[in-house]
Every structure is written in structure tokens, then in C-alpha cells.
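Biologist: I would like to learn how to read a few features of a structure, starting with where a residue sits. Could you take me through them?

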Amino acid sequence: MKKSESKATIYEIVKYPDPVLAKKGEPITVFDKKLKTLVDDMFESMYEAQGIGLAAPQIGLSQRLTVIDVSFKKDPEQRIVLINPEIIEREGEQYEEEGCLSLPDIRDKVKRASWVKVRAQDADGKWFEIEGDELLARAFQHEIDHLDGVLFIDRISRLKKEMTVRRIKKLIKNGEW
């Protein structure tokens with residue numbers, strides 16, 4: 001962690017195979033100033049890492065919290081905070097390439113629903129529902145997977161996953177990961 005000029009804490013992104021990424025996050029029950037600060041810090045950490053979504057496990061916190069901004073800072077209205085989220089409806093299918101801040105430089109096509117409806121709490125603890133399609137639907141599903149201990153490489157073929165894991169192990173061995 002480091003402080004930037006904006007006083008936000010920039011968290012280091014946890015990389016695969018850190019065990020926190022494979023753990024189901026704990027529900028959040030306290031909605032206070034500390035949580036709001038964490039949410040702000042997560043947005044700043046996500047932007048610093050050039051991402052459009054960041055889940056708490058990716059900064060080492062096993063909690064059911066994720067932030068998403070598919071506009072990447074262009075439209076503040078598109079900043080979404082999901083606390084204790086669950087997908088309550090899904091429709092259609094899309095098969096698109098995904099990447100992940102916890103798996104730098106690794107990309108692969110993943111099959112997801114093309115539209116989803118999510119029920120979650122905001123930073124004040126108020127329940128709401130939000131819908132998304134295409135990229136936003138994919139971001140919702142990808143980030144909520146993180147809260148369930150699932151990475152996008154868990155959704156690709158076994159052969160592709162094994163090849164990816166071998167590549168990562170080699171990078172770790174060479175000190176490049």
C-alpha cells in the first residue's frame with residue numbers, strides 16, 4: 001500500500017495463485033466511514049492498475065465488495081459499488097475475451113450471460129437492483145466470481161487452464177510474476 005497525493009491508499013493487486021483469490025468472501029455487515037474510505041481507495045487502486053473492475057479479494061481482503069467503472073473514469077455516473085452482491089437473473093450468451101488484474105497479461109475467451117440483474121447493497125447498506133448487458137454484464141459476472149473464489153481461468157477449458165497455470169509457474173520460477 002502507498003499513499004498518493006489524493007490521500008487515497010493505493011493497494012497492491014494480489015496475483016494468482018494467492019490463496020485469498022480462491023476463497024469465498026465474507027459478507028459485509030458494517031457500513032461505516034471506514035468502508036466508504038475502502039471503496040474510494042479501491043476505485044483509485046483499480047484506476048492505477050488500469051482496470052474496469054476490482055474485487056476486495058484482489059487487494060487481499062476476503063470480503064464481498066467490488067467496484068466497477070466500465071467507462072474508466074470518463075463518466076462518474078458509471079462508478080458502481082456492489083456489496084454482498086448476487087446475480088438474480090441472467091439471459092443470453094456472450095463469448096468474449098477477458099483479462100484480470102490478478103492475472104496480468106493473461107487473456108482468454110469466456111462464456112458469460114449477455115444480460116444480468118444483480119441485487120446488492122450500496123456503501124450505506126441500502127439494497128438495490130441493477131441490470132447490465134454486454135461489457136457491464138461481463139464485469140458484474142467476473143467481479144462477483146472473484147467474491148466466490150472463482151477466477152476467469154476457472155471458466156476456460158481444462159487444457160487451456162493447465163497451459164496457463166504452467167506458464168504462470170514458469171514466470172514465478174524465473175522471478176517475472
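Modeller: This is a predicted model. Helices, of at least four residues, and strands, of at least two, are DSSP runs numbered from the N terminus.

Biologist: Is Arg64 buried or exposed?

Modeller: Buried means under 20% relative accessible area. Arg64 has a relative accessible area of 10%, so Arg64 is buried.

Biologist: Next, salt bridges. How many does the structure hold?

Modeller: Side chains of opposite charge can pair when their charged atoms come close. The structure holds twelve salt bridges. One of them joins Glu97 to Arg107, with the closest N and O atoms 2.9 Å apart. Glu97 lies in strand S6 (residues 94-100) and Arg107 in strand S7 (residues 103-112), so this pair ties together parts that are ten residues apart in sequence.

Biologist: How accessible are Glu97 and Arg107?

Modeller: Glu97 is partly exposed, at 41% relative accessible area. Arg107 has 52% relative accessibility and counts as exposed, because the cut-off for exposed is over 50%.

Biologist: Which residue forms a salt bridge with Glu98?

Modeller: Glu98 pairs with Arg112, and their closest N and O atoms are 2.8 Å apart. This pair links distant parts of the chain, with Glu98 in strand S6 and Arg112 in strand S7, 14 residues apart. Glu98 is buried, with a relative accessible area of 4%. Arg112 is buried too, with a value of 5%.

Biologist: What is the partner of Asp145 in its salt bridge with an Arg?

Modeller: Asp145 forms a salt bridge with Arg155, where the closest N and O atoms are 2.6 Å apart. Here too the pair links distant parts of the chain: Asp145 is in helix H2 (residues 134-147), and Arg155 is in the loop between H2 and helix H3 (158-173), ten residues away. Asp145 is buried at 8% relative accessible area, whereas Arg155 is partly exposed at 44%. Salt bridges that share partners join Glu98, Arg112, Asp145 and Arg155 into one network.

Biologist: Now pockets. What is the volume of the largest pocket?

Modeller: Rolling a probe the size of a water molecule over the atoms shows where empty space is left. The largest pocket has a volume of about 380 Å³. It is lined by 20 residues, of which Ile52, Glu98, Gly99, Cys100 and Arg107 are the closest to its centre.

Biologist: What about the second largest pocket?

Modeller: The second largest pocket has a volume of about 280 Å³. It is lined by 14 residues, and Asp32, Lys34, Leu35, Leu38 and Gln63 lie nearest its centre. Its lining divides into seven nonpolar, three polar and four charged residues.

Notes:
Residues numbered from 1 in each chain as written. Predicted model: local features only at pLDDT ≥ 70, side-chain atom pairs only at ≥ 80, totals over all residues. Heavy atoms only, no water. Salt bridge = Lys/Arg side-chain N within 4 Å of Asp/Glu carboxyl O. Buried < 20%, exposed > 50% of the residue type's maximum accessible area, 1.4 Å probe, protein only. 1 Å grid on protein atoms, 1.4 Å probe; cavity = no way out; pocket = protein on both sides within 12 Å on 5 of 7 lines; lining within 4 Å. Points joined across faces, edges and corners; volume = space filled by probe spheres on them. Nonpolar A, V, L, I, M, F, W, Y, C, P; charged D, E, K, R; others polar.
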